[in-house]
Amino acid sequence: MSLLRSRALLALTSLGLCLGIAEVVGQSLQPKNPTRADGFASDTKLGWILPAGTTMQWRGKPARINQLGMRGPEPKANPSVRILMVGDSSMFGDGVKDNETMAAQLGQLLPNADVQNAGVPGYTCIQTREFLSRITPRYQPDILISYNQHSDFRKTETHDQVVAAASLGPLVGTGIGHLLTKGILWRRMKTGRSNLTVDEYADCLTEMAESQRDHGGHVLYVIPFSVDDFPSSPVYGLPEPEPEGKRLSDYRQAMCTVADATDNHCLKGPEAIRNAGLTNGNALQDMVHPTALGHQALAKAIAAKLESTGWLGAEAKKR
């Protein structure tokens with residue numbers, strides 16, 4: 001028995017020593033919140049955030065960031081309804097002016113509502129979820145509008161270590177966690193997988209709905225559009241090459257499935273854009289980022305959808 005105890009103690013000591021070495025090595029390799037040169041502020045958990053209370057330059061356009069760290073004006077004092085719009089660079093408004101973003105144009109259509117733009121370039125649903133947990137004590141939306149998808153579906157890249165670390169729980173921020181994150185990131189990039197699997201994506205969207213439900217709020221999920229949603233695209237209407245579960249259509253379906261399962265609503269952005277008579281030439285700046293006209297068409301479709309749900313109330317709809 002004494003021999004077994006000695007061996008067990010030796011094994012535990014060796015394990016502790018290995019973990020200690022891994023922690024020291026990981027801490028030595030972990031960057032200490034480097035200063036960013038692109039206008040964003042660094043954040044240990046989110047990776048990057050918008051610089052609150054400043055005007056930043058992004059994609060050749062000035063972007064006013066309010067005190068809550070969201071693009072646009074400060075929140076109204078006593079709005080009839082609070083609407084928070086989240087997503088990545090397409091929601092943020094790459095390449096368009098402050099008054100041309102989807103959120104700004106929705107606010108013009110619903111003048112008695114307060115509409116805030118919490119889109120952040122590059123954000124996946126996981127980062128949006130974390131941001132929402134931070135902002136909710138200061139800004140509790142009655143309606144959450146999610147445009148999260150492109151950054152979730154796209155392939156993992158080197159700057160996605162924040163997403164890779166999301167599953168590590170209390171290990172995040174430790175040296176061991178940093179080493180594990182590097183390994184996870186390397187494997188994801190090697191296998192060419194999306195930032196979030198379709199199941200991880202659906203779970204994240206569901207958590208958004210549950211958080212909203214806890215304070216009596218609602219969620220409108222808006223499916224983003226891209227260049228391949230127009231008849232002029234050579235792949236329009238053709239089957240996707242990826243296997244089932246890894247196709248963009250699977251992520252789109254997940255968005256509407258979550259909406260149905262949580263008693264919320266889903267708006268099909270590609271259909272809304274085509275119904276507005278737009279083409280890829282005037283609706284998009286590139287493959288995925290809407291023009292001012294694209295933002296406008298989506299804002300109108302969102303306003304009409306919200307009015308049909310009854311979530312706005314009579315006051316918000318007056319214009």
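**Figure 1. The Cys-256 to Cys-266 disulfide in the predicted model.** Cys-256 and Cys-266 are both buried. This view, like those that follow, comes from a predicted model. The two residues form a disulfide, with sulfur atoms 2.1 Å apart. The torsion about the S-S bond is -55°, and the link of Cys-256 and Cys-266 is left-handed. Cys-256 sits in helix α9 (residues 248-261) and Cys-266 in strand β9 (residues 265-268), so the bond ties together parts that are 10 residues apart in sequence.

**Figure 2. The Cys-125 to Cys-204 disulfide.** The count of disulfides in the model comes to 2. In this one, the sulfur atoms of Cys-125 and Cys-204 lie 2.1 Å apart. The link of Cys-125 and Cys-204 is left-handed, with -100° about the S-S bond. This pair links distant parts of the chain: Cys-125 belongs to helix α4, Cys-204 to helix α8, and 79 residues separate them. Cys-125 and Cys-204 are both buried. With bonded cysteines counted along the chain, the disulfides follow the pattern 1-2, 3-4.

**Figure 3. The salt bridge of Glu-207 and Arg-129.** The side chains of Glu-207 and Arg-129 meet at 2.6 Å, N to O. Glu-207 counts as partly exposed, at 35% relative accessibility. Arg-129 is also partly exposed, with a relative accessible area of 29%. Helices α4 and α8 also hold Cys-125 and Cys-204, respectively.

**Figure 4. The salt bridge of Lys-45 and Glu-130.** A search of the whole structure finds 8 salt bridges. In the one shown here, the closest N and O atoms of Lys-45 and Glu-130 are 3.6 Å apart. Lys-45 lies in the loop between β1 (41-43) and β2 (47-49), while Glu-130 lies in helix α4 (residues 125-135), so the contact ties together parts that are 85 residues apart in sequence. Is Glu-130 buried or exposed? At 19% relative accessibility, Glu-130 counts as buried, because the cut-off is under 20%. Lys-45 counts as partly exposed, at 48%.

Figure 5. Side chains of opposite charge can pair when their charged atoms come close. Arg-247 and Asp-250 form a salt bridge, 2.8 Å from N to O. Arg-247 counts as partly exposed, at 24% relative accessibility. Asp-250 is buried, with a relative accessible area of 14%. Another group of residues forms one network: salt bridges that share partners join Asp-43, Lys-45, Glu-130 and Arg-134.

Figure 6. Helix α12 (residues 292-309) has 18 residues. An α-helix has 3.6 residues a turn, so residues three or four places apart point the same way. Gly-310 follows α12, and its phi is positive, near 85°.

Definitions and conventions. Residues numbered from 1 in each chain as written. Predicted model: local features only at pLDDT ≥ 70, side-chain atom pairs only at ≥ 80, totals over all residues. Heavy atoms only, no water. Salt bridge = Lys/Arg side-chain N within 4 Å of Asp/Glu carboxyl O. Helix = DSSP H or I, 4+ residues; strand = E, 2+ residues; numbered from the N terminus. Buried < 20%, exposed > 50% of the residue type's maximum accessible area, 1.4 Å probe, protein only. Expected span 1.5 Å × (residues − 1). Disulfide = S-S within 2.5 Å.
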